[in-house]
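Please look over the charged side chains with me.

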Amino acid sequence: MTEIPPPSAATTIYFGFGSNMWKQQVKNRCHTSEYLGITRLLGYRWFIAAQGGANIMKGSNDDEVWGLAYSLRSEDEAELDIIERVPVHFNKEILQAELWEPAGDGKPADPTQIPRKVAVLVYISHERTAVGKPRDEYVIRMNNAIPDALSSGVPLAYIENVVRKWIPPNDGE
């Protein structure tokens with residue numbers, strides 16, 4: 001069984017809610033990152049912004065955004081800041097979220113269990129809230145992220161009822 005080390009003071013818990021649910025993409029971008037589990041942010045909603053990528057915004061108490069949590073060292077966070085074009089496209093915020101760690105023995109996290117409350121780093125734009133269509137390349141990346149999200153324990157209902165409203169399946173799915 002692989003133990004997930006708790007983040008040290010030198011790491012941040014990052015909440016990936018769009019194409020950064022694709023574990024290989026995060027590993028390519030943030031070389032020392034470690035997958036920690038699935039995460040839910042209450043009171044926010046997920047959408048595709050006019051620029052063609054995912055964003056989140058404050059919503060109703062019934063809204064929620066699911067994603068994957070990763071530990072980031074400072075060099076990973078600095079790399080992600082460049083990729084996310086902070087502060088031009090996104091800003092960084094620390095928000096309270098719920099985290100479910102993998103069940104062990106290769107089993108995914110179980111969102112029916114009681115989560116741990118954690119502070120997470122979120123890349124969010126309060127200015128880019130106009131709704132749009134996803135860029136073609138973003139659809140491809142999201143269709144790589146969705147299987148990782150599902151196999152990690154993100155509820156199928158969330159993928160079907162939220163993400164798939166915006167992201168069509170790849171041809172042949």
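The numbered points below take the salt bridges in turn.

1. This is a predicted model. A search of the whole structure gives nine salt bridges.

2. Start with Lys92 and Asp81. They form a salt bridge, with the closest N and O atoms 3.0 Å apart. The pair links distant parts of the chain: Lys92 lies in strand E6 (residues 91-100), while Asp81 lies in helix H2 (residues 74-83). The two are 11 residues apart.

3. Buried or exposed: where does Asp81 fall? Asp81 is buried, because its relative accessible area is 18% and the cut-off for buried is under 20%.

4. Now Glu137. Its side chain meets that of Arg135 in a salt bridge, at 2.8 Å from N to O. Glu137 also forms a salt bridge with Arg141, where the closest N and O atoms are 2.7 Å apart.

5. Why are Glu137 and Arg141 separated by about one helical turn? Because they are four residues apart in helix H3 (residues 136-152).

6. Check accessibility around Glu137. Glu137 itself is partly exposed, with a relative accessible area of 36%. Arg135 is partly exposed too, at 34%. Arg141 is buried, at 16%. That value puts Arg141 in the buried class because the class takes in residues under 20%.

7. Finally, a network. Salt bridges link Arg40, Glu64, Glu98 and Lys117. Please view these four residues together.

Terms used:
Residues are numbered from 1 along each chain as its sequence is written. This is a predicted model: local features need pLDDT of at least 70, side-chain atom pairs count only at pLDDT 80 or more; totals for chains, interfaces and linings use all residues. Side-chain values use heavy atoms; hydrogens and water are left out. Buried means under 20% relative accessible area, exposed over 50%, partly exposed in between (1.4 Å probe, protein chains only).
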